[in-house]
Amino acid sequence: MEREEALRASPASPRGATPAPYAGRDLEPPGTSALAKRSGAPCRAKRGPLLDASPAPCPTQSGPLKGIAPMRPISLVMDADGVFVDFVGGVLDALEEMSGERMAPEELPDWQIFDRIEARFPGQKKALRDRVVVPGFCESLRPTPGAEEALSRLRAMEEKGKIELLIATSPWDTSPTWMYERTKWFEKRGLHRHQIIHTAVKHPIRADVFVDDKPEHIAAWQKANGGGAYLWDTPHNQEGSTQVRDSKDRTLDLSYDVRHPRLRSWDDFFSLLKATTGVVG
Ligand SMILES: [Mg+2]
């Protein structure tokens, strides 16, 4: 209920039209404020009924650990494409290279980026999808602005035992080398290959904080885990469907709250982390 009230108090706004939602020190993002209030110790958010109805383990001041600050790293599960990796930028670069035509990311307001391109430049959809599966495409994708600095900062936080970071990324199924290249992309930037999870079904992965640019992933994760999911703002997630598929590729009936708070920058992200978990890096 607290989360629903907080959601109502955090209406979505047009991209770039409002200040960062978590920049304020007194801000308590929905569904996670209890985390910071409990004896200063980070705790796993309350789990939803879908996968685990038992209460989340969280030492309290009245338990046997009274007087001892129970500490464990904050677990983060973060998306790759759109958050760390500029997939859309790579597609638009390929479009320009192949056809001489250029589109701006803002011209792609939803997940149907190839259909949008096809509508403007007939015949390019297939050529581009063929290009995406060519070995080397995935590894050559650029980082998003600030992503490499953010990864360095996250790695430093990991080394200090403050966080545990996993990357959960949907592979391009028809590319024979996508997963290898995606892993290599992150290895080049200091992550261990075991930190990379290749899956399009992310909601069973437990964490304190989940970040993704796909509204469907946020909706599914939120429902399964009860809180702590944050939508990374991109031009291509301003509009969209609410269709979510489970691990058996069945459609789930999940509505996505378009008012869900968005992370609009890395400053937003690190402010959120500090506000909800107390972790500073
Ligand atoms: Mg993504």
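Tutor: A residue is called buried if 20 or more other C-beta atoms lie within 10 Å of its own. Please keep in mind that this is a predicted model. Of the 281 residues of the protein, 34% count as buried.

Student: How do strands come together in a sheet?

Tutor: Strands of a sheet pair through backbone hydrogen bonds, and the pairing is either parallel or antiparallel. In this model, an open sheet of 6 strands has parallel pairing and the order E3-E2-E1-E4-E5-E8. E3 and E8 stand at the edges with a single partner strand each, so one side of each has no neighbour in the sheet.

Student: Which strands pair with E2?

Tutor: E2 runs parallel to strand E1 (residues 74–78), to which 5 bridges join it. Val-77 has Leu-166 in E2 as its bridge partner, and Ser-75 has Glu-164 in E2. E2 also pairs in the parallel sense with strand E3 (residues 196–198), over 3 bridges. There, Ala-168 stands opposite Ile-197 in E3.

Student: How should I read strand E5: what covers its faces, and what are its partners?

Tutor: Let us take the faces and then the partners. Strand E5 (residues 229–232) is covered on both faces. Ala-229 and Leu-231 on one side are buried, as are Tyr-230 and Trp-232 on the other. E5 pairs in the parallel sense with strand E4 (residues 209–212) over 3 bridges, and Phe-210 stands opposite Ala-229 in E5. From E4 the chain crosses through helix H9 (residues 215–225) to E5, in a right-handed β-α-β crossover. E5 also pairs in the parallel sense with strand E8 (residues 262–263), over 2 bridges. The bridge partner of Trp-232 in E8 is Leu-263.

Student: How many helices and strands does the protein have?

Tutor: The protein has 10 helices and 8 strands. As for contacts with a separation of 6 or more, 67% are between residues 24 or more positions apart.

Terms used:
Residues are numbered from 1 along each chain as its sequence is written. This is a predicted model: local features need pLDDT of at least 70, side-chain atom pairs count only at pLDDT 80 or more; totals for chains, interfaces and linings use all residues. A residue is buried if 20 or more other C-beta atoms lie within 10 Å of its own, exposed if 12 or fewer, and partly exposed in between; C-beta atoms are placed from the backbone. Helices (H or I, at least four residues) and strands (E, at least two) are DSSP runs, numbered from the N terminus. Two strands pair if DSSP finds at least two bridges between them. A crossover is right-handed if, with the strands pointing away from the viewer, the path from the first strand over the helix to the second runs clockwise. Two residues are in contact if their C-beta atoms, placed from the backbone, lie within 7 Å.
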